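Here are my notes on this model. Please keep the sequence and the 3D view open as you read.

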Amino acid sequence: MSGGCWNYMNDSAASEILGYHIYVGYGLDSDKHEKNYKQVVRDNPLGDPEISALVYDVFCLLHSYDWAESGDTDMDAYQKDVEIFKSRWFKKARKDRIKEMIDISTEKLKEDLYQAFGFETESSSEP
């Protein structure tokens with residue numbers, strides 16, 4: 001059925017708040033989730049990177065439950081996603097999460113500056 005137990009309101013709200021280019025999925029594609037997590041931290045749609053990231057992960061959890069409840073996946077898949085969420089937000093120290101967010105944000109800045117000044121990679125030594 002592709003989700004819909006809440007009439008797609010969770011995914012619609014996620015798109016409105018986070019941006020339509022952000023996919024709110026967890027375990028099915030962990031690389032895509034991490035890429036989107038980093039994008040949310042950089043875009044910072046809620047004016048605080050930590051809150052933006054937390055809201056993104058809550059939307060991912062809601063999406064996972066929606067799909068499990070609708071029969072697209074099963075409750076085991078949802079429980080795995082609950083563990084991913086809890087691992088990031090309840091088991092990891094806050095200072096480690098914040099350091100990670102700082103690293104994510106400065107990665108993009110560094111890439112933009114290298115590009116602006118004509119460097120291809122960090123190891124390039126010529127202007």
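1. Is Ala-116 buried or exposed? Ala-116 is exposed, because its relative accessible area is 62%. Exposed means over 50% relative accessible area, buried means under 20%, and partly exposed lies in between, with a 1.4 Å probe and protein chains only. Ala-116 is found in helix H5. From Ala-116 to Lys-35 there are 81 residues in sequence and 23 Å in space, C-alpha to C-alpha.

2. A word on the source. This is a predicted model, in which local features need pLDDT of at least 70 and side-chain atom pairs count only at pLDDT 80 or more, while totals for chains, interfaces and linings use all residues. Residues are numbered from 1 along each chain as its sequence is written, and side-chain values use heavy atoms, leaving out hydrogens and water.

3. Now the overall fold. The chain has five helices and zero strands. Both are DSSP runs numbered from the N terminus: helices are H or I with at least four residues, strands are E with at least two. The C-alpha atoms fill a box of roughly 55 × 30 × 25 Å, taken along the principal axes. Of the 127 residues in the chain, 31% are buried.

4. Look next at helix H3 (residues 49–70) and helix H4 (residues 75–91). Their axes come within 8 Å and cross at roughly 170 degrees. That makes H3 roughly antiparallel to H4. Axes are lines fitted to C-alpha atoms, for helices over the stretch in contact, and angles run from 0 to 180 degrees between N-to-C directions. Angles over 145 degrees count as roughly antiparallel.

5. Which residues make this contact? On the H3 side they include Leu-54, Leu-61 and Tyr-65, and on the H4 side Tyr-78, Phe-85 and Trp-89 are among them. Contact means heavy atoms within 4.5 Å. By class, there are 12 nonpolar, one polar and five charged residues. Ala, Val, Leu, Ile, Met, Phe, Trp, Tyr, Cys and Pro count as nonpolar, Asp, Glu, Lys and Arg as charged, and the others as polar.

6. Last, the core. The largest nonpolar core has 20 residues. Such a core is a set of buried Ala, Val, Leu, Ile, Met, Phe, Trp, Tyr and Cys residues joined through side-chain atoms within 4.5 Å. H3 gives the largest share, six residues. Tyr-56 is one of the residues with the most contacts inside the core. Beyond its neighbours within four places in sequence, Tyr-56 touches residues including Leu-18, Val-24 and Tyr-37.

Terms used
Angles under 35 degrees count as roughly parallel, over 145 as roughly antiparallel, 65 to 115 as roughly perpendicular and the rest as oblique.
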